[in-house]
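Please look through the model below with these notes beside you.

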Amino acid sequence: QVQGLSGNFCSPKCSGSSCPSDVPDGVTAKPQCALRSPTGDSSCALLCRPSSWRGNGSSGECGTGTCQAIQGVGLCTYASQDYAVAGVTTEIAPLAFGSTDHIVVV
């Protein structure tokens, strides 16, 4: 979980700057090495473009998930009953969509 957002998301560690390519059915968002912890560990996330008229991203890129806005970028999240994941509460810092920078996980 991300502090301030509801739902869960899978965030495997990056391998170099690469992420696993497997995503839930119906998801077109590409996994990106976009999260970074204060210790420097990098993790993957499904980034999306938030939309006021479409809950799962401007082009439906989160599939059955929700594209939640967090300071100018979106993060695909899923209802906790949809995906059983270990809960880790984090905060993230701003990131421009499409940027090669990381979201800092605090």
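Predicted model: local features only at pLDDT ≥ 70, side-chain atom pairs only at ≥ 80, totals over all residues.

1. Cysteine 14 is joined to cysteine 33 by a disulfide, with an S to S distance of 2.1 Å. Because cysteine 14 lies in the segment before strand 1 and cysteine 33 in strand 1, the pair ties together parts that are 19 residues apart in sequence. The torsion about the S-S bond is about 115°, so this disulfide is right-handed. Cysteine 14 counts as buried at 16% relative accessibility, and cysteine 33 is also buried, with a relative accessible area of 15%; both values can be read against the cut-off, since buried means under 20%.

2. A disulfide is likewise formed by cysteine 19 and cysteine 44, whose sulfur atoms are 2.1 Å apart. This pair links distant parts of the chain, with cysteine 19 in the segment before strand 1 and cysteine 44 in strand 2, 25 residues apart. Here the torsion about the S-S bond is about -100°, so the disulfide is left-handed. Cysteine 44 counts as buried, at 2% relative accessibility.

3. Cysteine 62 and cysteine 76 are joined by a disulfide with an S to S distance of 2.0 Å. Since cysteine 62 lies in the loop between strand 2 and strand 3 (66-70), while cysteine 76 lies in strand 4 (residues 73-77), the pair ties together parts that are 14 residues apart in sequence. The torsion about this S-S bond is about -80°, so the disulfide is left-handed. Both cysteine 62 and cysteine 76 are buried.

4. Side chains of opposite charge can pair when their charged atoms come close. In this model the count comes to one salt bridge, in which the side chains of lysine 13 and aspartate 41 meet at 3.5 Å, N to O. Lysine 13 lies in the segment before strand 1 (31-36) and aspartate 41 in the loop between strand 1 and strand 2 (42-48), so the pair ties together parts that are 28 residues apart in sequence. Lysine 13 counts as exposed, at 58% relative accessibility, whereas aspartate 41 counts as partly exposed, at 40%.

Notes:
Residues numbered from 1 in each chain as written. Heavy atoms only, no water. Salt bridge = Lys/Arg side-chain N within 4 Å of Asp/Glu carboxyl O. Helix = DSSP H or I, 4+ residues; strand = E, 2+ residues; numbered from the N terminus. Buried < 20%, exposed > 50% of the residue type's maximum accessible area, 1.4 Å probe, protein only. Disulfide = S-S within 2.5 Å.
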